[in-house]
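I wanted notes on how the side chains pack in this structure. The entries below follow the order in which I looked things up.

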Amino acid sequence: MSEERLRSALGAALASLGVDDVEPHLERPRDPDHGDFATNVAMTLAGRLKRAPRAIAEELASLVDRDQAGITSVEIAGPGFLNFRLSTDSVAEVLVDICAGSDAFGRVDEGAGRKVLVEWVSANPTGPLHLGHGRQAALGDAISSLLEWTGWQVHREYYYNDSGKQMDRLASSVWARYQQLLGVDAAVPEGGYQGEYVIDVARAAMEEHGDRFRGDDSEEALEEMRRIGVAMLRAEQDRDLADFGVVFDEYFLESSLYETGEVERTVERLRETGLVYEEDGATWLQTTEFGDDKDRVMLRSDGTATYFLPDVAYHMTKWERGYRTAINVQGSDHHGTVARVRAGVQALGLPEKYPEYVLHQMVRVEREGSEVKFSKRAGTYTTLRDLFEEVGVDVTRYFFQMRKPEGHLVFDLDMALDQSDKNPIYKVKYAHARMHSIFARAGVAMGEAGGADTDLSVLDHDLERELIKQLADFPGWVEKAAELRAPHLLCDYLEQTAGAVNSWYHAGNPSQNPELSVLVDAPDLRAARLVLARATATVLANGLRILGIEAPERMDRSAD
């Protein structure tokens, strides 16, 4: 593409100055009048070459091979910036690459096939998924997709916390509702689960066992309540995630860590480090040796494990399964676990920053500026299914992804339900559908556009050049979003691209600006603009696909 050719030509010019170990940084000027690319390389080399930056810039401008890079002009600005303007055919040549790459355009090989494990959602099977789980589901899925697009071998994993005190509370809550259905006076324990879904589980227990456990609070009875509850709630969570478009390669059970002896082995391995000690009847690990704010209890005085211990054992399995990069996408309420888990695995010899964390803030749903809660079954919170059944899966996923994870998210229902450019995902989808509508009006299949003999040098209008440059930047945005684990950057890119598309499309209204209409009579210009429309649809579709969102070919609204 034109950027690579310019970088190559600039690199050759630098070599002529005796600098062959610097890759010049190129960026898009904010003001298009300043050219297509700019670099500050002359200023970065001033100290090394012991020359004024502007003098270095002037020499580079004279040395760079303009024909090789398709340069039409070079301007030296300020203390030594180099601004390059490229020929139209050099700018537009990327359209050929986009059409040829089709649904693979934007993929890069930064990961080079390396393995990465992404763990996310990992909700306890104690109730329906809430909005925090939903935001995490959308973020984790997009991060996984971004990593795949940049050459990583991604393993998607869900960790079920199916052991511990929360499971005991679930069993007791279901038991109490089961007794109530049988006419026995029983109360849900303090700290238990109150939602209507617990009654549904109790009904399932009664259908399976009848009144077998009337008044029976034995371990067998509670274990049956636990088993039925976990099975039902896991199945419900799986259905919600599947309907939300999220699938996993593996569901890892916390209980398996006990069944296979991993927790016990982890205790023994930690004892061998000399960092374990006994105090007040409990077994502690000196996590302060690795930056934690205090030491952590591994085993309580009754011998049961704290949450910390199976977490360490679980993360050791990630490393032992060959995942040298592991990413946990979790809610901000897990902030306190980061230091202790890392300290635990460091004690066993793992790297300091293992695993990597992406922590997200919670979600507040608003309508007309006021918080909205419309839970049907959960009792105290709005479920993920409640929300996506209200506004749609694609809208929900996009709104969860379009802000930085660490920022609180206000989910504006009015905006989510709006079918105009005020709704960012509607704007992006509609821009894609518009490109398909052009081909429908032309009576031409989209795949027919982009022949090798198409003259793209006719795409010389400023709005066309800006749109083409925006499309060319897509792979770089994908790579950056993957590197920073930041799907919101891709959302920003898609919204900017949709804006450039709309500017070009609306400027081409035949009644107002006929020279920019796509379907002009001039065959060369018509063919070139159809290539641009096809490339635009390709990039928008690929960006939406990464985010797990449909790219429709047709959309209707009341006014265009």
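I call a residue buried under 20% relative accessible area, exposed over 50% and partly exposed in between, using a 1.4 Å probe and protein chains only. The model is predicted, so I took local features only at pLDDT of at least 70 and side-chain atom pairs only at pLDDT 80 or more, while totals for chains, interfaces and linings use all residues. I number residues from 1 along each chain as its sequence is written, and side-chain values use heavy atoms, with hydrogens and water left out.

Entry: aromatic rings.
I paired rings of Phe, Tyr and Trp (its six-membered ring) with centres within 6.5 Å; planes under 30 degrees apart are stacked, over 60 edge-to-face, and the rest tilted. The search of the whole structure gave 18 aromatic pairs. One of them is Y277 with W284, a stacked pair at 6.2 Å centre to centre and 10° between the planes. W284 is buried, at 19% relative accessible area, whereas Y277 is partly exposed, at 24%. I also noted a cluster in which ring pairs link W120, Y158, Y160, F248 and Y251.

Entry: charges over rings.
I counted NZ of Lys or CZ of Arg within 6 Å of a ring centre and within 35 degrees of the ring normal. R324 has its charged end over the ring of W319, 4.0 Å from the centre. R397 lies over the face of F244, 5.5 Å from the ring centre.

Entry: nonpolar cores.
A core here is a set of buried Ala, Val, Leu, Ile, Met, Phe, Trp, Tyr and Cys residues joined through side-chain atoms within 4.5 Å. The largest one holds 115 residues, and among those with the most contacts inside it are L95, Y398 and F474. Helices are DSSP runs of H or I, at least four residues, numbered from the N terminus. Helix 23 (residues 523-546) gives this core its largest share, 11 residues. I found a second, separate core of 26 residues, including L299 and Y323. For contacts I used heavy atoms within 4.5 Å. Leaving out residues up to four places away in sequence, Y398 touches P424, I425, V428, C491, E495, L547 and I549.

Entry: helix 10.
Which residues of helix 10 are buried? They are Y197, V198, V201, A202, A205 and H209. Taking directions from the helix axis to the C-beta atoms, I see the buried residues of helix 10 within an arc of 150°, so they line one face. They pack against helix 9 (165-181) and helix 11 (219-243). G210 follows helix 10 and has a positive phi, near 60°.

Terms used:
Helix = DSSP H or I, 4+ residues; strand = E, 2+ residues; numbered from the N terminus.
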